[in-house]
Amino acid sequence: MSPAPPAFGPAIPILRMFDVPATRAFYLGYLGFSWDWEHRFAPDLPLYAAISLGGVALHLSQHHGDATPGSALLLRVKGIEAFHAALAGDYGFARPGLEEAPWGARILSVTDPAGNRLTFEEPR
(Lines give C-alpha, C1' and ligand atoms only; values in the text may rest on other atoms or scores of the structure.)
Protein backbone atom coordinates (compact mmCIF):
# COMPACT_ATOMS: atom_id res chain seq x y z
CA MET A 1 0.00 0.00 0.00
CA SER A 2 1.43 3.39 -0.97
CA PRO A 3 1.52 6.30 1.48
CA ALA A 4 -1.22 8.91 1.37
CA PRO A 5 -0.45 11.85 -0.93
CA PRO A 6 0.74 15.00 0.80
CA ALA A 7 -1.89 17.49 1.89
CA PHE A 8 -0.92 21.15 1.97
CA GLY A 9 -2.37 23.87 4.14
CA PRO A 10 -2.53 27.57 3.31
CA ALA A 11 0.71 29.46 2.82
CA ILE A 12 1.76 31.81 5.62
CA PRO A 13 3.72 34.77 4.23
CA ILE A 14 6.51 36.25 6.34
CA LEU A 15 6.80 40.04 6.16
CA ARG A 16 9.70 42.15 7.39
CA MET A 17 9.03 44.63 10.18
CA PHE A 18 11.24 47.20 11.88
CA ASP A 19 9.21 49.39 14.26
CA VAL A 20 7.14 47.09 16.48
CA PRO A 21 4.80 49.76 17.95
CA ALA A 22 4.07 51.16 14.45
CA THR A 23 3.54 47.64 13.10
CA ARG A 24 1.13 46.78 15.92
CA ALA A 25 -0.80 50.03 15.38
CA PHE A 26 -1.11 49.29 11.66
CA TYR A 27 -2.07 45.61 11.76
CA LEU A 28 -4.08 45.55 15.00
CA GLY A 29 -5.45 49.05 15.39
CA TYR A 30 -6.05 49.83 11.71
CA LEU A 31 -6.60 46.57 9.85
CA GLY A 32 -8.13 44.62 12.76
CA PHE A 33 -5.71 41.66 12.89
CA SER A 34 -5.16 39.72 16.12
CA TRP A 35 -1.66 39.42 17.59
CA ASP A 36 -1.60 35.66 18.10
CA TRP A 37 1.86 35.10 19.53
CA GLU A 38 5.40 36.45 19.54
CA HIS A 39 8.88 35.15 20.24
CA ARG A 40 12.32 36.55 21.01
CA PHE A 41 15.37 34.44 21.79
CA ALA A 42 16.35 37.11 24.33
CA PRO A 43 14.85 40.48 25.33
CA ASP A 44 17.32 42.45 23.18
CA LEU A 45 17.01 40.25 20.07
CA PRO A 46 14.63 40.63 17.08
CA LEU A 47 10.92 39.89 17.41
CA TYR A 48 9.06 37.24 15.42
CA ALA A 49 5.25 37.33 15.62
CA ALA A 50 2.13 35.72 14.18
CA ILE A 51 -1.02 37.68 13.36
CA SER A 52 -4.35 36.69 11.85
CA LEU A 53 -7.59 38.10 10.48
CA GLY A 54 -10.39 35.78 9.41
CA GLY A 55 -8.76 33.04 7.36
CA VAL A 56 -5.52 34.98 6.77
CA ALA A 57 -2.38 34.24 8.79
CA LEU A 58 0.80 36.32 8.49
CA HIS A 59 4.13 36.19 10.24
CA LEU A 60 6.10 39.36 10.95
CA SER A 61 9.83 39.28 11.53
CA GLN A 62 12.56 41.69 12.60
CA HIS A 63 15.18 39.06 11.74
CA HIS A 64 17.48 40.13 8.92
CA GLY A 65 17.11 37.70 6.04
CA ASP A 66 13.63 36.42 6.92
CA ALA A 67 11.91 38.68 4.42
CA THR A 68 12.46 41.68 2.17
CA PRO A 69 10.89 45.05 3.01
CA GLY A 70 8.58 46.20 0.26
CA SER A 71 6.99 42.83 -0.48
CA ALA A 72 3.49 42.60 -1.95
CA LEU A 73 0.57 40.38 -0.93
CA LEU A 74 -2.78 39.77 -2.57
CA LEU A 75 -5.43 38.84 0.00
CA ARG A 76 -8.90 37.66 -0.99
CA VAL A 77 -11.81 39.10 0.98
CA LYS A 78 -15.59 38.83 0.84
CA GLY A 79 -17.33 42.04 1.81
CA ILE A 80 -14.66 44.50 0.75
CA GLU A 81 -17.04 47.46 1.15
CA ALA A 82 -17.66 46.61 4.81
CA PHE A 83 -13.90 46.11 5.33
CA HIS A 84 -13.23 49.50 3.72
CA ALA A 85 -15.87 51.19 5.88
CA ALA A 86 -14.31 49.69 9.02
CA LEU A 87 -10.98 51.32 8.10
CA ALA A 88 -12.33 54.84 7.65
CA GLY A 89 -10.64 57.33 9.95
CA ASP A 90 -8.75 54.88 12.16
CA TYR A 91 -5.23 55.49 10.86
CA GLY A 92 -3.63 58.80 9.99
CA PHE A 93 -1.14 57.39 7.49
CA ALA A 94 -3.53 55.84 4.94
CA ARG A 95 -6.92 56.59 3.46
CA PRO A 96 -7.28 53.91 0.78
CA GLY A 97 -10.13 53.95 -1.67
CA LEU A 98 -11.88 51.10 -3.38
CA GLU A 99 -10.74 50.64 -6.96
CA GLU A 100 -12.02 48.66 -9.91
CA ALA A 101 -9.20 46.43 -11.17
CA PRO A 102 -9.01 45.66 -14.90
CA TRP A 103 -9.23 41.92 -14.15
CA GLY A 104 -12.76 42.23 -12.78
CA ALA A 105 -12.22 42.70 -9.06
CA ARG A 106 -12.57 45.45 -6.48
CA ILE A 107 -9.37 46.17 -4.64
CA LEU A 108 -8.11 48.15 -1.67
CA SER A 109 -4.35 48.62 -1.23
CA VAL A 110 -2.44 49.74 1.85
CA THR A 111 1.25 49.88 2.73
CA ASP A 112 2.53 48.86 6.16
CA PRO A 113 5.26 50.70 8.10
CA ALA A 114 8.00 48.51 6.51
CA GLY A 115 6.81 49.29 2.98
CA ASN A 116 5.01 45.97 2.42
CA ARG A 117 1.96 46.42 0.16
CA LEU A 118 -1.22 44.52 1.03
CA THR A 119 -3.88 44.46 -1.65
CA PHE A 120 -7.26 43.16 -0.54
CA GLU A 121 -9.26 41.82 -3.48
CA GLU A 122 -12.89 40.82 -3.92
CA PRO A 123 -13.47 39.19 -7.32
CA ARG A 124 -16.64 40.26 -9.13
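This short talk walks through one predicted protein model, from its overall layout down to a few side chains.

Some ground rules come before the tour. The model is predicted, so local features need pLDDT of at least 70 and side-chain atom pairs count only at pLDDT 80 or more, while totals for chains, interfaces and linings use all residues. Residues are numbered from 1 along each chain as its sequence is written, and side-chain values use heavy atoms, with hydrogens and water left out.

Let me start with the whole protein. There are two helices and eight strands; helices (H or I, at least four residues) and strands (E, at least two) are DSSP runs, numbered from the N terminus. In order from the N terminus, the elements go β-α-β-β-β-β-α-β-β-β. The C-alpha trace spans about 50 × 40 × 20 Å along its principal axes. Of the 124 residues, 37% count as buried. Buried means under 20% relative accessible area, exposed means over 50%, and partly exposed is in between, with a 1.4 Å probe and protein chains only.

Now to helix H1, residues 20–30. Which residues of H1 are buried? They are Val20, Thr23, Phe26, Tyr27 and Tyr30. The buried residues of H1 pack against strands S1 (14–16), S3 (48–53) and S4 (56–61), helix H2 (80–87), and also S7 and S8. Contact here means heavy atoms within 4.5 Å. At the N-terminal end, aspartate 19 caps H1, with a side-chain oxygen 3.0 Å from the backbone nitrogen of alanine 22. A polar contact is a pair of N or O atoms within 3.5 Å; within protein, one must be able to donate a hydrogen and the other to accept it, and residues adjacent in sequence count only if both atoms are side-chain atoms. Just after H1, glycine 32 has a positive phi of about 90°.

Next, the rings. The structure holds five aromatic pairs. Rings of Phe, Tyr and Trp (its six-membered ring) pair if their centres lie within 6.5 Å; planes under 30 degrees apart count as stacked, over 60 as edge-to-face, and the rest as tilted. Phenylalanine 26 and tyrosine 27 make an edge-to-face pair, 4.8 Å centre to centre with 90° between the planes. Tyrosine 27 also pairs edge-to-face with phenylalanine 33, at 5.6 Å and 85°. Phenylalanine 26 is buried at 0% relative accessible area, tyrosine 27 is buried at 0% as well, and phenylalanine 33 counts as buried at 4%. Ring pairs link Phe26, Tyr27, Tyr30 and Phe33 into a cluster.

Last, the strands around S8, residues 117–123. Two strands pair if DSSP finds at least two bridges between them. How many bridges join S5 (residues 72–76) to S8? Five do, and these two strands run parallel. Within that pairing, leucine 75 stands opposite phenylalanine 120 in S8. Strand S7 (residues 105–111) is joined to S8 by seven bridges and runs antiparallel to it. Serine 109 has threonine 119 in S8 as its bridge partner. S7 and S8 form a hairpin with five residues between them, and glycine 115 in the turn has a positive phi of about 90°. One general point for reading the picture: in a regular strand, side chains alternate between the two faces of the sheet.
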